[in-house]
Amino acid sequence: MIEPIGNQYIVARPVYSANAFGEEHKKKQRHHKTFLDHLKVCCSCSTQKAKRIALSLFPIASWLPAYRIKEWLLSDIVSGISTGLVAVLQGLAFALLVTIPPSYGLYAAFFPVIIYFFLGTSKHISVGPFPVLSMMVGAVVVRLTPSESTAALELSNSSMSNDSSADEYKVMVAATVTILSGIIQLLMGVLQIGFVVIYLSESLISGFTTAAAVHVLVSQLKFMLQLNVPAHTDPFSIFKVLNSIFTQIEKTNIADLVTSLIILLIVFVVKEINQRYKAKLPVPIPIELIMTVIATGVSYGFDFKNRFEVAVVGEMKRGFQSPSAPDMQIFQETIGDSFGIAIVGFVVAFSVASVYSLKYDYPIDGNQELIALGLSNIFSGSFKGFAASTALSRSGVQESTGGKTQIAGLLSAIIVLIVIVSIGFLLEPLQKSVLAALALGNLKGMLMQFTEIRRLWQKDKYDCLIWIMTFIFAIVLGLGLGLAASVAFQLLTIVFRTQFPKCSTLANVGRSNVYKNKKDYSDMYEPEGVKIFRCPSPIYFANIHFFKQKLIDAVGFNPLRILRKRNKALKKIRKLQKKGLLQVTPKGIICTNDGFKDSDEELDNNQIEGLDQPINTTDLPFEIDWNADLPLNTMVPKISLHSLILDFSAVSFLDISSMRGLKTLLQEFIRINVDVYIVGSDDDFIEKLVQCEFFDDEVKDSIFFLTIHDAVLHILMKKDYSASKFNSSQEKQPKFDFTINTNGGLRNRECQVPVETKF
């Protein structure tokens, strides 16, 4: 019964062990579904299920009929035009990272948006080129592109015509990798394994994208300086690229350098204005579009290409190219890279989509996102585009300019379409250094994530370490290997967190039923002879030894060592008793022959296995008090502990190895007369122990109690009862029923003897 009194309460109930609670409250017999049961549900068919599947595969059927034309259309039009202009420029710029002609970036900015419009579940992200993916695809392109000396031979043996250029081969590699990554994403979505995103934490994603921004920055330097820098894809490639840049720095094209620096300065200033006055501006200033128009006009008007020998975008083919089949040989060589591209693309898109779904309160489906992105990449690659996800800056433009649904995304695709089929030629005089500068202008947000380190260090040092190591791995090893190493390191930190848990010794706070770490509070009460030990993590093969050592440190002695010394002393006592040299006195057991000497060699030759067995004194005519002085200066450590409580409320599982170790540890305590109790374990935990035959004559299932307080009260009652057995004048103790006083103390309702006097 619970009686509330103001902001306090009174609880009156029996002291429950797990067995006693189970006897009083019978558990329901529940049917646990088997694999066949789940299979039947999956294979069953109904009209509602078919409708639900159709709506999940085509989310547009759910939100398009509910579209509010008067309220949303104008906002989506403004957002679509703004996003489309940014998408054009980013498509051209990020194509440079793939090391293919800029015009192919427009295909990557068009096809994924169309597919995602029908299949995506997010209303706000802008699908298309993403610098990190472009870098990863570019690394594969560079690795597989033949050198100039062998290009002609390899191209003649490929499916392409003999007059195909190296650029076309690069496009084929990029498209093939994109198709393969799309197939991987599609299969993951069909198999419903979108949960893989949970293995990539926010700290890992932040560190990885920041490192990718540094890679993008370094890779764009050669376009800003117009230097002939060979591509590197192996580990330490970023340092090799920097070395090549600095060794050729005197060959810098001054016109490209000055242009790019001016563009960067203006873009950074205007973006800062947009950020600071976003509440007052109706729409952000489209600085990328303005600078592109100005830079293109200046370059064309002053003939920068011929006067200063700058690198320009060049020929922009009108219209679309016919779809092409992927190269199966490239499939075989890029399966690992494609898997990494598929995972990174999905994680980035899902992370950004999750932010907007929480902000605007609508659901997104990870598995459907995989299907949408997979088909987007398959179509994009078939039409010679490259891998797509979502760029943070472009999605920010779509959302901040008032985009309500993917209608804005469809309109942005129409803007890209107009550039592809009609006005793309106007961008032919545009300098590549301008595209590089515009790409770097969009990296500010990614580079600013360096400030995450301080915040993470204050909140969680493990997350901060994950961020730092992810950044280092991605910088040193490259994006592909860096991601794999970062995931492995992140999983390793989980092992460390559970392998070295912060175990603690608990005590009673304010003489109530609340138990906290005894180091944290001043008004702590620890029952005499009782130790309460808490383990805050699962116990498994890797941390069972750490758990054992922490427990030994908490109680102040090693039970196995004491057990061996007691058994060793018992052998000596038995020998003295057989010789009739022992006498029992009120002060203890004494030896009547001071001249008797035992053979230390004989005692040292005792088998260790024998010393580990339970202590058996039934053959002796007296009881041995192990905390009293023993004859012939027999040294056995004295211990005051009589009860040990293990708080397993945070222990979610035990494996077989740790189960054996735990049972051995409990047996050692029990054999030296220390009662062990386990509290807070759920029923499944106990059932698993029963199935694994954990209990025997020594370790019994009666050691489990519901709470720490139940175990403490049980110990106090047990000790009072034990003391009364040896006092014949004492009256029979009444049944104890402990409750909590309204002032937080403990009292006995039957005899009104405060239990707090025993603390």
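Biologist: Which residues does Gly 403 touch, leaving aside those up to four places away in sequence?
Modeller: Not counting residues up to four places away in sequence, Gly 403 touches Ser 75, Asp 76, Ser 79, His 124, Gln 398 and Ala 408, where contact means heavy atoms within 4.5 Å. This is a predicted model, in which local features need pLDDT of at least 70 and side-chain atom pairs count only at pLDDT 80 or more, whereas totals for chains, interfaces and linings use all residues. Residues are numbered from 1 along each chain as its sequence is written, and side-chain values use heavy atoms, with hydrogens and water left out.

Biologist: And where does Gly 403 lie, and is it buried or exposed?
Modeller: Gly 403 lies in the loop between helix H18 (392-400) and helix H19 (407-423), the helices (H or I, at least four residues) and strands (E, at least two) being DSSP runs numbered from the N terminus. Gly 403 is buried, with a relative accessible area of 5%; buried means under 20%, exposed over 50% and partly exposed in between, for a 1.4 Å probe and protein chains only.

Biologist: How far apart are Gly 403 and Leu 74, in sequence and in space?
Modeller: In sequence, Gly 403 and Leu 74 are 329 residues apart, and in space they are 9.2 Å apart, C-alpha to C-alpha.

Biologist: Switching to Gln 185, which helix is that in, and what does its side chain reach?
Modeller: Gln 185 is in helix H9, residues 166-190, and its side chain reaches the backbone oxygen of Ala 342 at 3.0 Å. Gln 185 is buried, at a relative accessible area of 1%, and, not counting residues up to four places away in sequence, it touches Ala 342, Gly 345, Phe 346, Leu 370, Ile 371, Leu 373, Gly 374 and Asn 377.

Biologist: While we're on H9, how do H7 and H9 pack?
Modeller: Helix H7 (residues 131-144) and H9 pack at an angle of about 130 degrees, with their axes 9 Å apart; axes are lines fitted to C-alpha atoms, for helices over the stretch in contact, and angles run from 0 to 180 degrees between N-to-C directions. That makes H7 oblique to H9, since angles under 35 degrees count as roughly parallel, over 145 as roughly antiparallel, 65 to 115 as roughly perpendicular and the rest as oblique.

Biologist: Which residues make that contact between H7 and H9?
Modeller: From H7 there are Val 137, Val 140, Val 141 and Leu 144, and from H9 there are Tyr 169, Lys 170, Val 173, Ala 174 and Val 177. By class, the contact of H7 with H9 divides into 8 nonpolar, no polar and 1 charged; Ala, Val, Leu, Ile, Met, Phe, Trp, Tyr, Cys and Pro count as nonpolar, Asp, Glu, Lys and Arg as charged, and the others, Gly among them, as polar.

Biologist: What about H10 and H23, at what angle do they cross?
Modeller: The axes of helix H10 (residues 202-225) and helix H23 (residues 461-477) cross at roughly 30 degrees and come within 8 Å, so H10 and H23 are roughly parallel to each other. The contact of H10 with H23 has 9 nonpolar, 6 polar and 1 charged residues.

Key:
Polar contact = N/O pair within 3.5 Å; in protein donor to acceptor, adjacent residues only side chain to side chain.
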